[in-house]
Amino acid sequence: MKITETASWQALAGHADTMKPRHLRELFSDDGERFSRFSLGLEGMLFDYSKQRVTRETLDLLIALANEAKLGERIGDLFSGAPVNRGENRAALHMAARHLEQTPFPSSSSTSSASSASSTHCEDVMPQVRSARERMRQLVRAVWNDELRGYSGEPVRNIVNLGIGGSDLGPKMATLALKPFSHPGLRVFHVSNLDAADIWPVLNGLDPRATLFIVTSKTFTTQETLTNAHTARDWLLATAGDDPDDVSRAMEQFIAVTGNTEAAFNFGIRPHNIYPFWEWIGGRFSLWSAAGLSFAISVGMEEFERFLAGGAAMDRHFREAPFAANLPVLMALLGIWNTDFLGAATHLVNPYCQPLYWLPDYLQQLEMESNGKALGADAAPVGAETAPVLWGGIGSNAQHAYFQLLHQGGRLIPSDFIACAESNYALPGHHDKLLANCLAQAEALAFGSSVLGEEADPLKRCPGNQPSSIFLLPRLTSFHLGLLIAAYEHKVFVQGAIWGINSFDQWGVELGKKLARRLLPAIAGKESLTGSDASTAGLIGWLHATTAKR
């Protein structure tokens, strides 16, 4: 039975009819304890969802929906190593990469108590995880202690990660977020785009004798990553000259994180410099593994493991907490409520924390690549809207960009606000003002201009009733970043489980890649174009005519 045909879905649809006319002003007026009822603390982080357009009845109905979707069993399957990625018949065990206990994973104890799964579905992966983590530790130590040197003896001072998607967005996001904890003498860069304007300025400012490249690609066939890797290799070897020993030593300045060791070796990367990228970790969930090597080198292995510990703490909470007090489950259910019952088409993420600049981009891939699908895992239409368009930016900059539309544009746009009680950059006069703006925007979105009594002039009137949640972290630490990221990961899984989606494949991404490979020979002028539409043929013709004039 489709989830949309269940009794719980129909009950929610009926309840939504009664909730749509109600304003957040009324909900707060009716319940003086609303904040305490609709907020949740975990490991020093506060999740306030009292400004969501829900009541206790709404949450009870949403939890009934989760139960009807057998969410407890699905969580058990995830942690037990069942092939939850049904399209590729694989487990999704990214949680193992952040498992720090000296116990197996998966194991019977790692399943949800609500799950019917009572035994593991695959072998313990922790021996290989611990081995890879120890190799990461040795490399990080070598870089931090100036033991890793370039081909002419200079210590490595520059780290360049070459990857795209999850092999770029995760480590790039985390490296910037935790820059105050980074090694002061290292510079870490992340290059992803095929556009030469991405890699050229990076290489142009580096000393090749002191630069380490990390090529992060699960298949070691990704066009963007391999193009940049070949460019980087040509640049480095050109400086090494003709001396065979220098050339050989220069190739020691390349590391691969991949599941295709043969292709990495054929590229010229030494076997001892190849780190695993396991098939049971999807790219957008890979930051916790060796795919986060550039991030680990930046902050050091102790901070990296604190990040892992934060993720592991969220895993425990997700497995053990009842749904009514389960942070990722609540995030997911609120998202389903807003999307499928209140009619929101987008979801906004606004960190009031400059170091989280790349977080909205990271979450875009995590959510839309995972659940941006109209078909369920059974290849039948889901029958409901799935992943909303996720977007966002950094507060308070965003207030001067698109917040006007939020306040008076007439569209329902739920928001996540993220802020820290204390800043890692303790300049006087900044952080209190930043927090004031964050809380003020959430208040204004919820209650509108009536807060200040400015209802008389229709052009100044802001209706409010825009739902939002607020995450407050004590400070942006490695642990709390891990806690937050794992919460969003599990939110995505819960929503996929309820909608009946396989959150771990991304076949839509592959179509454009295949077409690009087909068009490349024609664009490069090596073959004539056949089988394409008139528009594509006309565009390629224009490109040839324009470049021929130069």
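G482 lies in helix α18 of this predicted model. At 0% relative accessibility, G482 is buried, because the cut-off for that class is under 20%. Beyond its neighbours up to four places away in sequence, G482 touches W288, F307, G310 and G311. Q138 is 344 residues from G482 in sequence, and the two C-alpha atoms are 22 Å apart in space.

**The chain as a whole**

- The protein chain has 20 helices and eleven strands.
- Its C-alpha trace spans about 80 × 60 × 60 Å along the principal axes.
- A compact globule of 550 residues would have a radius of gyration near 24 Å, and the 25 Å of this chain agrees with that.
- Buried residues make up 53% of the 550 residues.
- Take the contacts in the chain with a separation of 6 or more: 74% of them join residues 24 or more positions apart.

**Confidence**

- The average pLDDT of the chain is 94.
- A score of at least 70 is reached by 97% of the residues.
- Where pLDDT is low, the predicted coordinates should not be read in detail.

**Helix α5, an enclosed element**

- Helix α5 covers residues 71–80.
- Eight of its ten residues are buried, so α5 is largely enclosed by the rest of the structure.
- The buried residues are L71, G72, I75, G76, D77, L78, F79 and S80.
- Their cover includes α4 (56–68), α13, α14 and α18 (478–499).
- G81 follows α5 and has a positive phi, near 85°.

**D315, a buried acidic position in α13**

- D315 sits in helix α13, which runs over residues 301–320.
- Its relative accessibility is 4%, so D315 counts as buried.
- Leaving out residues up to four places away in sequence, D315 touches F79, M95, R98 and H490.
- One of these partners, F79, is also among the buried residues of α5.

**E101, a partly exposed loop residue**

- E101 is placed in the loop between α5 and α6 (126–144).
- E101 has a relative accessible area of 40%, so it is partly exposed.
- Apart from neighbours within four places in sequence, E101 is in contact with R130 and R316.
- G453 is 352 residues from E101 in sequence, and their C-alpha atoms are 55 Å apart.

**Enclosed cavities**

- Rolling a probe the size of a water molecule over the atoms shows where empty space is left.
- The count comes to three cavities of 30 Å³ or more.
- The largest cavity has a volume of about 90 Å³.
- Its lining is made up of F47, Q52, L330, M331, L334, G335, N338, H347, D416, S469, F471 and K491.
- Two elements, α14 (327–341) and β11 (468–473), each supply at least two residues of that lining.
- Helix α14 gives the most, with five residues.
- By class, the cavity lining has five nonpolar, five polar and two charged residues.

**The largest pocket**

- The largest pocket holds about 980 Å³ of space.
- It is lined by 37 residues, and the closest to its centre are T219, T222, Q506, E510 and K513.
- The elements that give two or more residues to this lining are α7 (166–177), α9 (223–240), α15 (359–371) and α19 (507–523).
- Helix α19 gives the most to the pocket lining, with six residues.
- By class, the pocket lining has eleven nonpolar, 15 polar and eleven charged residues.

**Points to locate in the structure**

- Start at G482 in α18, a helix that helps to cover the buried residues of α5.
- Then find α14, which also covers buried residues of α5 and gives five residues to the lining of the largest cavity.
- Turn next to α19, with its six residues in the lining of the largest pocket.

Key: Residues numbered from 1 in each chain as written. Predicted model: local features only at pLDDT ≥ 70, side-chain atom pairs only at ≥ 80, totals over all residues. Heavy atoms only, no water. Helix = DSSP H or I, 4+ residues; strand = E, 2+ residues; numbered from the N terminus. Buried < 20%, exposed > 50% of the residue type's maximum accessible area, 1.4 Å probe, protein only. Contact = heavy atoms within 4.5 Å. 1 Å grid on protein atoms, 1.4 Å probe; cavity = no way out; pocket = protein on both sides within 12 Å on 5 of 7 lines; lining within 4 Å. Points joined across faces, edges and corners; volume = space filled by probe spheres on them. Nonpolar A, V, L, I, M, F, W, Y, C, P; charged D, E, K, R; others polar. pLDDT = per-residue confidence, 0-100. Rg over C-alpha atoms; globule rule 2.2 N^0.38 Å.
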